[in-house]
Amino acid sequence: MSAPAQVADALSPLPGHGGTGEPVLQVRDLVKHFPVMSHGVVRRRVGDVHAVCGVSFDLHENETLGLVGESGSGKTTISRTVLGLESATSGQVRYRGRELTELSRRRMRPLRRELQIVFQDPYASLDPRISVHEIVAEPLRIHGRYGPGADDEVRELLRLVGLNPEHGNRYAHEFSGGQRQRIGIARALALRPRVVVLDEPVSALDVSIQAGILNLLMDLQSELGLSFLFVAHDLSVMRHVADRVAVMYLGRLVEIAPARQLFARPAHPYTQALVSAIPLPDPRKERARTRITVQGDVPSPVRPPSGCRFRTRCPKFAGQLTVSERAACVEEVPALVDRGGGNPVACHYAESVELL
Amino acid sequence: MTESVLEVDGLTVEFPTEDGTVRAVRGVGYRLERGEALGIVGESGSGKSVTALAVMGLLPATARVRGSVRFEGEELLGLSDARLSDVRGKGIAMIFQDPMTSLNPVHPVGYQIAETLLRHNPDLKARGARARAVDLLGTVGIPSPERRVDAYPHEMSGGMRQRVVIAIAMANDPDVIIADEPTTALDVTVQAQVLDALETARAETGAALVLITHDLGVVAGHTDRVAVMYAGRMVETGSVEDIFYTPRMPYTLGLLGSLPRLDREEARLTPITGSPPSLLHLPPGCPFAPRCPLRRDACDGAEPPLRPAGGDGHLSACHFSEELVGTGAGEVFEAAGADSAALARFAEAAPVNTPEEDAV
């Protein structure tokens, strides 16, 4: 599967919406399969988990691209594959013109300074045996940048993310969840990266704490010109932080659009269902809403449905399409192209709907 | 006025630990009218789940529970386990957060529904119970229930398991359903399905609902009244409109201000700084004072009780609740983010990075 050139254009931001200039990160036709092994003495490969299937997008300088989807949509796998933490089954990941998927570990290493990640779980991602100062200093040491003055640099990093630099000699367990996530952010910033992958950075936190982390990330971006690949399942968070949002379903990108447009006029039935399912913290609005609901659960990524992967749950497929119209959904994988609504949508019968 | 089905009064729960006594719940009280839906919101450790477990008599024996829990006039605290078992399931049913641990993995789901039915209906025969189980599975929206009745929990998805739990909860036509974070472990599209099933269960049984959650959106759509908990106490209660449109407790205002919203664009969120106090060593005075932008000396004195604030039945535990009239979170809380001075210095310092490849 190769994406036509005009698709690639459509994946870039629309004029006037966040992000400028050349893309820093270009992902093309990214595929990641995980083997499924049989049980028993002789373990054979009996199938594949189709975690990511032919995903393409661009990330621009100073832009936040949101990647949303429910469990098993492949959003975390993408974020890990982009950084080379998982090897891609096929496809390209280009960082400022350089192909990353073919680089050896050794050649990848200097590039890791520029591509950093903040993990979801601030409890599991910090080494419990070393002090916070050491956690933040570790990337500097690994990359041979822990020279004179580095102690001050670490203290400055802690101050920057809103922690008391006097607490550098404490251990991760002495901090609250929100503070730990700040430590993770300080560690990611230590090497002055250009691109930061944020993998569900606030989903383990209570809302009052989450807001502080979101403010911090937005400050860092506007002051340092960082590019964020922001992976999350929470659409409200996405709307707040992202310039553009890419919606994933069962390993495929189904819609990508500037955040404002995506939430105002979603065109893919799955995006519509997602927007519709988020409860609004406003009793009058919440009770007056019209809802688009979906049936059933996400199918297994080992045997994804043919054609459009959303068709088994799609309210449009079930309720509005004629038998002959449905044939396209079953037989043909819908391409991610602009279907007249101004943004790429992977649905044969895409139609913008206002839901909020 | 309708009568209350559930009255909780001065409920306190303490857990003795090696480090001292954890005061998890400190004087919680509420009345639940017949058919009413009460939302209990609060963040991790605020005591909302422990309150529910205390009402059901499900806390470990080491917990010290005091106060009063009356169900249809009968005091539940201090009842024997055998007597409580008559109330559980039939009078008050409970839905837990994790349907994987609340269902028994070694029995089919139909058996588990029938078990609940047979416990409270001695005249019912096994065949009748099974037929009723199929009906219930259909009611909560499980497709082909006559086939699914023989499925084991592990053969079902999370959303389906939670619907089975709802079917069990509504099996004996309870007067009260207590749902503790019923959709927290689920994806949003599945959450919507499960909340629909919960609404169906309420409509069928006419049960009152206590919905415990941290998700203010879920509360907005599914409850009539809301109680906000903080550090083991209720700090504000009122109608769902009171709480969302005219909050009178700084903590509630702060929670609403920290929420990113799908339906509007806000330039900046207003987080609540700091973290909740340890329930081992509670400071005297208002437990929210250390994080409160309105804090002054009076706040460190006596802990403010719930007092009328504004509308009918709207109570707030803040000495200065009237100061919140007509203000928004943006005027009270600071939109704190990065340390701006440190950030400016960091941005100015010449980037150490030049993306040179290591020589090979």
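Where does Glu200(A) lie?

Modeller: Glu200(A) is in the loop that runs between β7 (195-199) and α7 of chain A. The model is predicted, with local features requiring pLDDT of at least 70, side-chain atom pairs counting only at pLDDT 80 or more, and totals for chains, interfaces and linings using all residues. Residues are numbered from 1 along each chain as its sequence is written, chains are lettered from A and ligands numbered from 1 in the order in which they are written, and side-chain values use heavy atoms, leaving out hydrogens and water.

The phi of Glu200(A) is near 50°, a positive value in a residue other than glycine. Its relative accessible area is 8%, so Glu200(A) is buried. Buried means under 20% relative accessible area, exposed means over 50%, and partly exposed is in between, with a 1.4 Å probe and protein chains only.

Asp173(B) is not a glycine, yet has a positive phi of about 55°. Asp173(B) is in the loop between α7 (158-170) and β7 (176-180) of chain B. With a relative accessible area of 46%, Asp173(B) is partly exposed.

Of the 18 residues of α7(A), 14 are buried, so the helix is largely enclosed by the rest of the structure. Just after α7(A), Gly225(A) has a positive phi of about 65°.

The largest nonpolar core has 75 residues, and Ile185(A), Phe230(A), Val245(A) and Phe263(A) touch the most other members. Helix α7 (residues 207-224) of chain A supplies the largest share of this core, seven residues. A nonpolar core is a set of buried Ala, Val, Leu, Ile, Met, Phe, Trp, Tyr and Cys residues joined through side-chain atoms within 4.5 Å. Apart from neighbours within four places in sequence, Phe263(A) is in contact with Leu235(A), Met238(A), Arg239(A), Val245(A), Val275(A), Leu356(A) and Leu262(B). Contact means heavy atoms within 4.5 Å. A second, separate core of 40 residues includes Ala114(B), Ile168(B), Leu186(B) and Val218(B).

Another buried glutamate of chain A is Glu156(A), at 15% relative accessibility. Glu156(A) is in helix α5 (residues 150-160) of chain A. Not counting residues up to four places away in sequence, Glu156(A) touches Ala342(B) and Arg345(B).

On a 1 Å grid over the protein atoms alone, a cavity is a set of points where a 1.4 Å probe fits but cannot get out, a pocket is an open set with protein on both sides within 12 Å along at least five of seven lines, and lining residues have an atom within 4 Å of a point. Grid points are joined across faces, edges and corners, and a volume is the space filled by probe spheres set on the points. There are eight cavities of 30 Å³ or more. The largest cavity has a volume of about 90 Å³. It is lined by 14 residues, of which Pro269(A), Cys308(A), Cys314(A), Cys329(A) and Cys347(A) are the closest to its centre. The second largest cavity has a volume of about 80 Å³, and the residues that line it include Tyr249(A), His268(A) and Cys308(A).

The second largest pocket has a volume of about 850 Å³. Of its 29 lining residues, Leu83(A), Leu85(A), Arg112(A), Leu115(A) and Ile117(A) lie nearest its centre. The helix α3(A) gives the most to this lining, with four residues.

Methods. Helices (H or I, at least four residues) and strands (E, at least two) are DSSP runs, numbered from the N terminus.
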